Amino acid sequence: MSVDANCIFCKIVAGQIPSRKVFEDEDLFAFHDIAPWAPVHFLIIPKLHIPSMAHVGAEHASLLGKIMTLAPQLALEQGCNPYPQGGFRIVTNTGAEGGQEVHHLHVHVMGGPRPWLRG
Ligand code: AMP
């Protein structure tokens, strides 16, 4: 299914729920996390409704590649300091035991000066 009408992140992509947008193109959407753990904390999501990393297949390889190559560019734009003194953390929680709360695939990008609230 490309969009899940009950999914909060699909609603964010559709503009039905407000967000602080960081980036958008035809495939991806990025926005600030509502409860940041770090000075910089945003999420990159595919517009396509993929529930989790457990649902990913070979057909998603280029989409995931786009997310992972976009992350370092947006991290710097959003205020993460340059590698190696700076840097960032990329996290994708998957399933209940993986700590996933929103079931639309998303990559957390966190960074900025320590200490962080969490992580
Ligand atoms: P996870 O636990 O990996 O599923 O992370 C879900 C993340 O989505 C959490 O860090 C939440 O703070 C964030 N979140 C939930 N609702 C919103 C929202 N409306 N806008 C921005 N971030 C959100």
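Biologist: Why does His108 count as buried?

Modeller: Because its relative accessibility is 11%. Buried means under 20% relative accessible area, exposed over 50%, and partly exposed in between (1.4 Å probe, protein chains only). One caution: this is a predicted model, where local features need pLDDT of at least 70 and side-chain atom pairs pLDDT 80 or more, while totals for chains, interfaces and linings use all residues. Residues are numbered from 1 along each chain as its sequence is written, and side-chain values use heavy atoms, leaving out hydrogens and water.

Biologist: Which residues does His108 touch?

Modeller: Contact means heavy atoms within 4.5 Å. Leaving out residues up to four places away in sequence, His108 touches Asp33, His41, Phe42, Leu43, Arg89, Ile90, Val91 and Asn93. With His41 there's a side-chain polar contact of 2.9 Å. A polar contact is a pair of N or O atoms within 3.5 Å; within protein, one must be able to donate a hydrogen and the other to accept it, and residues adjacent in sequence count only if both atoms are side-chain atoms.

Biologist: Where in the fold is His108 found?

Modeller: In strand β5. Helices (H or I, at least four residues) and strands (E, at least two) are DSSP runs, numbered from the N terminus. Two strands pair if DSSP finds at least two bridges between them. Here, 5 strands make an open sheet in the order β1-β2-β3-β5-β4, with antiparallel pairing. β1 (21–24) and β4 (88–91) are the edge strands, each pairing on one side only.

Biologist: How many bridges join β2 and β3?

Modeller: β2 (residues 28–32) and β3 (residues 40–46) pair over 5 bridges, in the antiparallel sense. In that pairing, Ala30 stands opposite Ile44.

Biologist: Which residues are closest to the ligand?

Modeller: A residue is near if one of its heavy atoms lies within 4 Å. The ligand has 16 residues around it, the closest being Asp33, Asn93, Glu101, His106 and His108. In the side chain of Asp33, an N or O atom is 2.5 Å from a ligand oxygen. From the backbone, an N or O atom of Ile34 lies 3.1 Å from a ligand nitrogen.

Biologist: And which peptide bonds are cis?

Modeller: Most peptide bonds are trans. In this model, a cis bond joins Tyr83 and Pro84, with omega about 10°; Pro84 is in the loop between α2 and β4. The bond from Arg114 to Pro115 is cis too, omega being near 5°, and Pro115 belongs to the segment after β5.
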